[in-house]
Amino acid sequence: MQHEFTTDVLVAGGGPCGLMLANELGRRGVRCLLVDPKPGTAFNPQANATQARTMEHFRRLGFAQEIRFLGLPADHPTDIAYFTRYAGHELARLALPTAREAVSRIRSMAGSWSAAELPHRISQKYVEAVLLRHAKEWPSCDIRYQWRLEDFEDTGEGVRATIRPVAGGDGAGVTVSARYLVGADGARSSIRRRLGIEWTGMTGVQRDFMGGKMFAVYLRAPELQRQMPHPPAWMHVTVNHERRAFMAAVDGVAEYAFHAAVHPHENADDWTEADARRVFAQAFGRDIAIEVLSVGTWVAGHSLVADRFRQGRVFIGGDAAHLFTPTGGLGYNTAVEDAVNLGWKLAHVLRGQAGEALLDSYGPERQPAAQRNTGYARRFADSVGLFAASPELEAEGPRGDAARAAAAEHLNAHARLEFNIPGVTFGTRYDGSPAIVPDGSTPPPDEPNAYTPSACPGGRAPHAWLDDGRSLYDTFNFEWTLLALGTDAPDTRAFERAAAARGMDLRVVRHAQPQLRELYQAPLALIRPDQIVAWRGHDGAAADAVLARVSGSEPVAPR
């Protein structure tokens with residue numbers, strides 16, 4: 001066994017954050033060693049929704065279409081439906097496009113949903129498998145499951161760590177010398193605890209639903225849909241006074257991820273497969289045959305964000321840095337964006353294309369984003385979890401009809417609030433970041449259910465479909481892009497010279513379509529590798545100063 005190992009970035013954790021980071025680094029040829037004590041990627045479904053912004057990042061890396069046609073069959077409905085019980089009354093439904101429809105519809109959508117990709121309803125287990133397969137393809141990536149990070153020390157010049165196989169080995173472990181360490185090691189992060197990083201925010205919130213202990217069952221039920229008196233859906237939520245629950249279709253055929261609220265007097269940690277069948281029967285409304293694949297418990301009601309995302313040469317991301325109640329599906333998607341944000345910055349610093357100061361922008365950008373997103377998840381959880389499910393919901397006659405009508409009004413509004421969220425998806429901003437050059441403009445309001453495309457520096461670059469049918473994003477350089485818009489775009493040579501002097505990979509992309517210049521409200525826009533607008537303007541007079549700021553480096557003296 002090799003006892004000494006040198007790498008650029010040591011990543012602890014092989015979930016979505018760690019694997020996405022490995023892909024961002026591997027694509028750029030940066031040496032990366034990823035370790036995780038688990039046997040491999042997730043077996044249980046875990047997160048079940050990939051937001052549109054995450055799909056845009058998968059598109060940027062070249063595998064969005066691969067993910068789009070995994071999980072549910074291409075024509076399986078992705079509706080969110082609410083029932084008293086699955087065999088009882090349907091209370092509300094939000095109809096959403098299938099995977100096949102999403103591919104065709106996105107090209108005609110505008111306004112809030114002007115995007116390169118629509119959301120995709122897919123279990124995290126499938127996504128992780130794709131991320132792992134692609135990460136392994138990069139020659140600079142070394143992916144080691146069943147290895148754990150045992151110890152580490154920040155020496156000031158780098159990180160010296162010890163890793164060890166979970167089973168076997170000679171007992172001595174392997175010493176790793178890395179330039180940086182990233183803790184993507186989950187909610188119980190040993191790296192966060194070792195650094196003394198504390199949580200801020202709220203926890204222990206109690207609600208009838210999505211607040212407190214939850215019982216999770218991964219199950220197979222091939223006859224489930226045939227025994228339901230309702231059209232198929234992706235997400236199935238029960239609303240009754242006995243047991244609140246939700247269930248996501250995993251493969252669209254027979255597998256489901258089922259989660260039920262646990263009452264305060266119950267001890268679900270000791271529940272067995274028999275309890276799983278009992279609780280599922282409560283949600284369904286009668287007994288049906290199910291095969292229990294796994295059971296477990298977890299706690300809803302967290303809205304927690306780490307008080308810092310970096311200490312010296314050690315960074316944290318994903319669940320190590322923020323914990324969500326899963327309403328809105330924001331935890332996994334926020335973790336992916338952590339990796340995207342940190343990945344390009346680490347790579348550019350390590351390759352000498354940016355100054356060390358660029359890394360100082362990671363925390364100031366991602367911590368407010370996590371605070372924003374955990375706040376939205378809490379709002380969604382309050383909306384559904386504090387709704388009182390009375391016994392009248394299942395009563396026959398006028399009283400039952402009235403209760404169900406009132407529930408339908410609330411739940412239809414809630415479904416739109418939680419699941420039609422372009423503002424949450426696209427509206428993350430990095431205002432005040434040291435890696436953004438403000439222009440004095442005011443960003444659009446931050447609203448969950450509406451998104452206003454804006455090139456105000458600090459936000460996602462506005463998207464458009466080009467006259468030739470391509471996505472504007474597909475014309476971007478993988479690293480830096482300078483958009484030159486309109487038929488009379490200004491001279492870009494100052495930016496090109498300044499980028500060449502810094503070794504920055506910047507490409508000028510020209511588009512003459514008048515609507516693009518109107519969309520960006522300027523003829524020049526500098527787009528970061530993560531598709532965030534870093535600067536916009538009308539000439540290249542300040543090109544060197546702009547590139548110095550956004551790359552965390554010093555101005556280059558003119559020759």
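A cavity is taken here as a set of points, on a 1 Å grid over the protein atoms alone, where a 1.4 Å probe fits but cannot get out, and its lining residues have an atom within 4 Å of a point. Grid points are joined across faces, edges and corners, and a volume is the space filled by probe spheres set on the points.

The structure is a predicted model, in which local features need pLDDT of at least 70 and side-chain atom pairs count only at pLDDT 80 or more, while totals for chains, interfaces and linings use all residues. Residues are numbered from 1 along each chain as its sequence is written, and side-chain values use heavy atoms, with hydrogens and water left out.

**Cavities**

Searching the whole structure gives three cavities of 30 Å³ or more. The table describes two of them by volume and by residue class, where Ala, Val, Leu, Ile, Met, Phe, Trp, Tyr, Cys and Pro count as nonpolar, Asp, Glu, Lys and Arg as charged, and the others, Gly among them, as polar.

| Cavity | Volume | Lining by class |
|---|---|---|
| Largest cavity | about 130 Å³ | two nonpolar, seven polar, three charged residues |
| Second largest cavity | about 60 Å³ | three nonpolar, two polar, three charged residues |

Residues lining the largest cavity include Gln51, Arg53, Leu330, Asn333, Glu337, Arg366, Asn373 and Thr428. At least two lining residues come from each of helix 2 (52–61), helix 9 (330–350), helix 10 (362–385) and helix 12 (422–426); helix 9 contributes the most, with four residues. Helices (H or I, at least four residues) and strands (E, at least two) are DSSP runs, numbered from the N terminus.

Around the second largest cavity stand Arg53, Glu337, Thr425, Phe426, Thr428, Tyr430, Arg460 and Ile532.

**Strands 2 and 5**

Strand 2 (residues 32–36) runs parallel to strand 5, the two pairing over five bridges; pairing requires that DSSP finds at least two bridges between the strands. Within this pair, Leu33 lies opposite Asp142 of strand 5. Four of the five residues in strand 5 (residues 141–145) are buried, where buried means under 20% relative accessible area, exposed over 50% and partly exposed in between (1.4 Å probe, protein chains only).

**Tyr256**

Tyr256 belongs to strand 13 (residues 255–261). Tyr256 counts as buried because its relative accessibility is 5%. Leaving aside residues up to four places away in sequence, the contacts of Tyr256 include Val217, Tyr218, Leu219, His236 and Met247, with contact meaning heavy atoms within 4.5 Å. Val217 is 39 residues from Tyr256 along the chain, and their C-alpha atoms are 8.2 Å apart.

Conventions: On a 1 Å grid over the protein atoms alone, a cavity is a set of points where a 1.4 Å probe fits but cannot get out, and a pocket is an open set with protein on both sides within 12 Å along at least five of seven lines; lining residues have an atom within 4 Å of a point.
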